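Work through the exercises below with the sequence and the coordinates at hand. Each task is followed by a solution in steps.

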Amino acid sequence: MTIIGIHHVNLLVDDLDAARHFYGDVFGFTELARPDFGFPGAWYQMGAQQLHLQTTAGPEKKSAQHFALQVDDCSAMADSLEAKGVEMFRLDAVDGAGRQAFCNDPAGNLIELNEPIAAHVP
């Protein structure tokens with residue numbers, strides 16, 4: 001028995017239309033067919049993994065819990081999202097962690113953009 005990797009991340013959203021616009025139009029993820037579970041939601045392909053959205057009655061409280069998207073150019077991706085009206089918070093590059101920028105989706109879920117940089121060994 002082997003764990004292959006992460007299949008999907010599930011996020012709670014209070015406005016499915018706003019979330020669909022954010023993940024489909026702003027990020028450009030491809031929406032997938034989703035089984036009828038008896039409650040609204042949406043599934044997206046994001047690289048080799050999926051993002052599942054599930055509706056909730058109200059916005060979630062802000063938290064440091066997040067998922068990270070690996071990108072090849074953090075600055076350019078953050079610039080692109082800002083041009084689409086997304087508020088970004090950028091951090092200086094950290095040796096071993098890389099370049100990072102953060103934003104929130106319309107429901108308040110935290111998303112990290114991460115451009116890995118190898119640690120320098122002394």
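**Exercise 1.** Find the salt-bridge partner of Glu115 and give the distance between the closest N and O atoms.

Solution. Step 1: apply the criterion, a side-chain nitrogen of Lys or Arg within 4 Å of a carboxyl oxygen of Asp or Glu. Step 2: for Glu115 the partner is Arg99, with the closest N and O atoms 3.4 Å apart. Helices (H or I, at least four residues) and strands (E, at least two) are DSSP runs, numbered from the N terminus. Step 4: classify the accessibility, where buried means under 20% relative accessible area, exposed over 50%, and partly exposed in between (1.4 Å probe, protein chains only). Glu115 counts as buried because its relative accessibility is 15%, whereas Arg99, at 37%, counts as partly exposed.

The model is predicted: local features need pLDDT of at least 70 and side-chain atom pairs count only at pLDDT 80 or more, while totals for chains, interfaces and linings use all residues. Residues are numbered from 1 along each chain as its sequence is written, and side-chain values use heavy atoms, with hydrogens and water left out.

**Exercise 2.** How many salt bridges does the structure hold, and which residues do shared partners join into one network?

Solution. Step 1: the count is 4. Step 2: Arg90 forms a salt bridge with Glu82, and their closest N and O atoms are 2.6 Å apart. Arg90 is partly exposed at 34% relative accessibility, and Glu82 is partly exposed with a relative accessible area of 35%. Step 3: salt bridges with shared partners join Asp79, Glu82 and Arg90 into one network. Step 4: another salt bridge connects the side chains of Glu31 and Arg20 (2.9 Å, N to O). Glu31 lies in strand S2 (residues 30-32) and Arg20 in helix H1 (residues 16-26), 11 residues apart.

**Exercise 3.** Give the strand order of the open sheet that 4 strands form, and state which strands stand at its edges.

Solution. Step 1: two strands pair if DSSP finds at least two bridges between them. Step 2: the order is S5-S8-S7-S6, with mixed pairing. Step 3: S5 (66-70) and S6 (89-94) are the edge strands; each has a single partner strand, so one side of each is left without a neighbour in the sheet. Step 4: neighbouring strands are turned by 20° against each other on average, direction ignored. Axes here are lines fitted to C-alpha atoms, for helices over the stretch in contact, and angles run from 0 to 180 degrees between N-to-C directions. Step 5: S5 and S8 (residues 110-115) run parallel and are joined by 5 bridges; Leu69 has Leu113 as its bridge partner in S8. Step 6: helix H2 (residues 74-83) lies across S6, S7 (98-104) and S8, at about 145° to S8. Contact means heavy atoms within 4.5 Å.

**Exercise 4.** In which direction does strand S4 run relative to S1 and to S3?

Solution. Step 1: S1 (residues 8-13) and S4 (residues 49-55) run parallel, joined by 6 bridges. Val9 has Leu51 as its bridge partner in S4. Step 2: S3 (residues 41-46) and S4 run antiparallel, also with 6 bridges, and Ala42 stands opposite Leu53. Step 3: S3 and S4 form a hairpin with 2 residues between them, and Gly47 in the turn has a positive phi of about 70°.
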